[in-house]
Amino acid sequence: MKLQIRQTSILTLLFFRMTEAPPSYCFVAFPPCSRDGLVVFGKNSARPRDEVQEVVYFAAANHDPGSKVECTYIEIEQVPKTHAVVLSRPSWLWGAEMGANEHGVCIANEAVVTREPASESEALLGMDLVRLGLERGSTAKEALDVIVALLEEHGQGGNYYEDASSCHAFQSAFLIVDRKEAWVLETSGKHWAAEKITEGVKCICNQLSLTTKIDAEHPELRDYVRTQGWWSGDTDFNFSEVFSLADDHLACCSGRESLEKQSGDVSARTMIDVLRDKDSGVCVDSESFLTTSSIVSVLPQDSSFPCVHYFTGTPDPSRSVFKPFIFVDDVKLVPKVQSPSFGDDDPAKKIPRFQEKPDRRHELYKAHEWAQSLLESDQEKGQKLMSIMLDLEKQGLEAMEDILTRTEILDPAEVVDLFYDCVDTELKFFK
């Protein structure tokens, strides 16, 4: 039966290799690998090089019975209450590549290719499911339950890129984290499996990683793969072996070793260093793809301390600043990291889609383009500017470490403008 599992036509393999998933990386570190009772989460979002990501905040909200929510491609039923969320997202779509909610839940998405062709029909994108999980789940397990229920009801499908010339459709994997545990959720169509993580380091990327340790799964998963002839039932059920196209599903995360070497001392700074590492491939900068935005979140296991979320909002973490955000009431919005809104005239909303590509650059993105041109034209000035930026980041990290170690309760007024002020200060250095 092992042979039968591996029998995939050459044409199918070639097709899926051409439809290559962007090589993003997600990490989580739990005690005892992480420092001071902290859960540390991070993701680099690798996307098409010219795509703009924005950082957006949506307050908690109550919704009328029977109301709908318009996702990237389809409309679905709204829930009575949605949680406050902060998201890093490609600016043309509704969902998010990664983000967090007010309850200390973080989710990141990976596009993956499986032996089951992804649907080009418009449904929910994996990125829509990230946002929906954050808006509706107050724990990692609740968010997982939200995602798989929506997957069952609405399915996943549609173009992952703002591209009129071709439909790039993928299956989805997720890393879902809170203060106590994480779940790795991997999907193929409406079928899925998940593994619970409570200690050590875990990494996921654009390949399947679940093997025989499965803590939750679609009720019809095993019957389905038997009927497809992908698994006989005579051997241990290995999700990656059954659903992967090739034998490369285990050599996924080079960055994991860097975190494990820091065992007992993984912090926000450690995670940022891993995300900036181009030699390992974690920081993607290739002909097709670029790390267009990054996130690091620090979730204290002691719930009396706030969670801190660091966003770049700009491409390439090796030349970007990680800026802190903390959930408080009346947090100040930051239009300088939000892309222009085109409303109903947005080419992403019109049928046929993506017939034009509007300028989606926000103010911070444009400033970083200028800084990159300076680095290329005058290396000395460029390096001096980067040194100033990294010093700014260091000050922010030290201030957040102070908040996470002090004994007195955080005054919300102290951080209501935190992310706004960090973005504003960064922009001033570019002028």
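Reader: How many bridges join strand β13 to β15?

Author: Two strands pair if DSSP finds at least two bridges between them. Strands themselves are DSSP runs of E of at least two residues, numbered from the N terminus, and helices are runs of H or I of at least four. In this predicted model, two bridges join strand β13 (residues 191-197) to β15, and the two strands run antiparallel. Within β15, E217 stands opposite A193.

Reader: To which sheet do these strands belong, and which strands are at its edges?

Author: The sheet is open and has eight strands in the order β3-β8-β9-β10-β11-β12-β13-β15, with antiparallel pairing. Its edge strands are β3 (53-58) and β15 (216-217), each of which pairs on one side only.

Reader: Is A100 buried or exposed?

Author: A residue is called buried under 20% relative accessible area, exposed over 50%, and partly exposed in between (1.4 Å probe, protein chains only). A100, in strand β9 (residues 98-101), is buried, with a relative accessible area of 0%.

Reader: Which residues are in contact with A100?

Author: Contact means heavy atoms within 4.5 Å. Leaving aside neighbours within four places in sequence, A100 is in contact with A84, V85, V86, V105, C106, L134, H309 and F327.

Reader: Why is helix α8 described as largely enclosed?

Author: Six of the eight residues of α8 (residues 268-275) are buried, so the helix is largely enclosed by the rest of the structure. The buried residues are A268, T270, M271, I272, V274 and L275. Their cover includes β1 (25-29), β2 (38-48), α7 (255-261), β16 (289-300), β17 (308-311) and α10 (379-403).

Reader: What can be said of the protein chain as a whole?

Author: The protein chain has eleven helices and 18 strands. Its radius of gyration, taken over C-alpha atoms, is 21 Å, close to the 22 Å that the globule rule (2.2 Å times the number of residues to the power 0.38) gives for 431 residues, so the chain is as compact as a globular protein of that length. Of these 431 residues, 58% count as buried. Among contacts with a separation of 6 or more, 70% are between residues 24 or more positions apart.

Terms used:
Residues numbered from 1 in each chain as written. Predicted model: local features only at pLDDT ≥ 70, side-chain atom pairs only at ≥ 80, totals over all residues. Heavy atoms only, no water.
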